[in-house]
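The sequence and the structure come first.

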Amino acid sequence: MLKDSSLRGYLLEESLAWLLRSSGYRLLVHEDQDPVELVSDGDTLRVRGRGAVHQVDVLGEFAFTPAFSMPVRLFLEAKYYQSRCGLEVVRNAHGVVHDVNENFMTALGTRPRQRYKYSYALFSASGFTPDAQKYALAHQISLVDLSGASFAWLLGHIGTTAQSLYKAQQHLPGASPFPVSWMRTELRRGLQTSPLDLLSNPSAPEGRFRRAVTAALTEFTDALRGRSGVELLLGFPSAPFILPLATEEQEQFLGYAEARPDHTVRIRRRGTGSAAEWTLAPADAVGAYELTFKLPEHIEDWISDVEGKERRRTAEVKEQFLSTITLYRMNGAGVRAYQLRYEASSFSQSGAVTT
């Protein structure tokens, strides 16, 4: 029987693929998209490494190749545990991405082929342990904490749907083994996160179990698509981490950013410790849009661990890590880049409060 936590993880991964649908990544789902690097093993996608072939649940390819780099591909893994993700999860991610990036050999007569830079992002509904954070920082694994208020609506829908699927599995015939491949295919079909011609057609369950699961998945995809204005933008600051920027004002942000792709922003911190959330808005247009994000927990711990220094340390984090944040977004077949700049001097000169 599939665990409730596993069901929540699958739903979270597919939801993140949907939320990231315009952030510069296209979803890779079949070996036909790259027969050299990818392997379709039944309904499972795998990526060739130097020492093994690794299963991947969500794999995205960035449409823009950074200067002095190679095309970028991103492993996306989501964990929806009741407790924080530990060291073993991050260690596994490092092992996978290291082996995959080593899968390149040159020899006389070898046909030239494309090479990619694989990265790994771990998303957690409950955050990460201190050991996991330290290890990820040392080995450049991106950790994204979804435990803030900005994602409560998403985690709520996931929890409700997972409960429905788990109950159907418990009480209705035809649930063993749970049809994970079919479920994920139905989600991608409903959310339109994958080219339809590349979606596989795994065997579907039958009878009352299939009807119950179909109803739960339809309700879930309708709930997400009903919030089509919600988007998760990936921000790339001058720091060893990425920022998951949440917004319910997609059109407002895009309208402003298209007209001003390079603009100054105001950054504020709300709350303290691991519960703190940050907001980002244009400095010269109050109410134009607002993006929210969380910083890695070890940074929040540093900000708060000495009484009386929280305000000064907040300012230091803004100036050192958040002075420039770059976002990429798909625009038809191309990619648009936006640069958000925080300049503390501009606020201090005008007398504005920066923290």
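In which sense do strand E3 (residues 44-48) and E4 pair, and over how many bridges? The two strands pair in the antiparallel sense, over 4 bridges. The model is a predicted one.

## The three-stranded sheet

E3 and E4 belong to an open sheet of 3 strands, ordered E2-E3-E4, with antiparallel pairing. Its edge strands are strand E2 (38-41) and strand E4 (53-56), each of which pairs on one side only. Direction ignored, neighbouring strands of this sheet are turned by 35° against each other on average.

Arg 46 has Gln 55 in E4 as its bridge partner.

## The five-stranded sheet

Another open sheet is built from 5 strands in the order E1-E5-E6-E7-E8, and its pairing is mixed. At the edges are strand E1 (25-28) and E8, each pairing on one side only. From one strand to the next, the twist averages 30°.

Within this sheet, strand E6 (residues 72-79) and strand E7 (residues 117-124) pair in the parallel sense, and 8 bridges are counted between them. Glu 77 stands opposite Leu 122 in E7.

## Pairing around E14

Strand E14 (residues 324-331) pairs with strand E9 (residues 231-237) in the antiparallel sense over 3 bridges. In this pairing Pro 237 stands opposite Ile 325 in E14.

E14 is also joined to strand E15 (residues 334-341), by 8 bridges, and these two strands run antiparallel. Here Arg 329 stands opposite Arg 336 in E15.

## Packing of H1 and H6

Two packed helices are described by the angle between their axes and the distance between the axes. For helix H1 (residues 4-19) and helix H6 (residues 207-225), the angle is about 35° and the axes are 12 Å apart. The crossing of H1 and H6 is right-handed.

On the H1 side, the contact is made by Leu 11, Ser 15 and Trp 18. H6 contributes Leu 217, Phe 220, Leu 224 and Arg 225. By residue class, the contact of H1 with H6 consists of 5 nonpolar residues, 1 polar and 1 charged.

## The largest cavity

How many cavities of 30 Å³ or more does the model contain? The count comes to 3. The largest cavity has a volume of about 280 Å³. Its lining comprises 22 residues, and those that lie nearest its centre are Gln 133, Leu 143, Leu 295, Pro 296 and Glu 297.

E8 gives the most, with 4 residues. The lining of the largest cavity divides into 13 nonpolar, 5 polar and 4 charged residues.

## The second largest cavity

The second largest cavity has a volume of about 40 Å³. It is lined by Asp 145, Ser 150, Phe 151, Pro 244, Glu 277, Thr 292, Phe 293 and Lys 294. These lining residues comprise 3 nonpolar, 2 polar and 3 charged.

Note on methods: Residues are numbered from 1 along each chain as its sequence is written. This is a predicted model: local features need pLDDT of at least 70, side-chain atom pairs count only at pLDDT 80 or more; totals for chains, interfaces and linings use all residues. Side-chain values use heavy atoms; hydrogens and water are left out. On a 1 Å grid over the protein atoms alone, a cavity is a set of points where a 1.4 Å probe fits but cannot get out, and a pocket is an open set with protein on both sides within 12 Å along at least five of seven lines; lining residues have an atom within 4 Å of a point. Grid points are joined across faces, edges and corners, and a volume is the space filled by probe spheres set on the points. Ala, Val, Leu, Ile, Met, Phe, Trp, Tyr, Cys and Pro count as nonpolar, Asp, Glu, Lys and Arg as charged, and the others, Gly among them, as polar. Two strands pair if DSSP finds at least two bridges between them. Axes are lines fitted to C-alpha atoms, for helices over the stretch in contact, and angles run from 0 to 180 degrees between N-to-C directions. A crossing is left-handed if the near helix is turned anticlockwise from the far one by less than a right angle, and right-handed if clockwise. Contact means heavy atoms within 4.5 Å.
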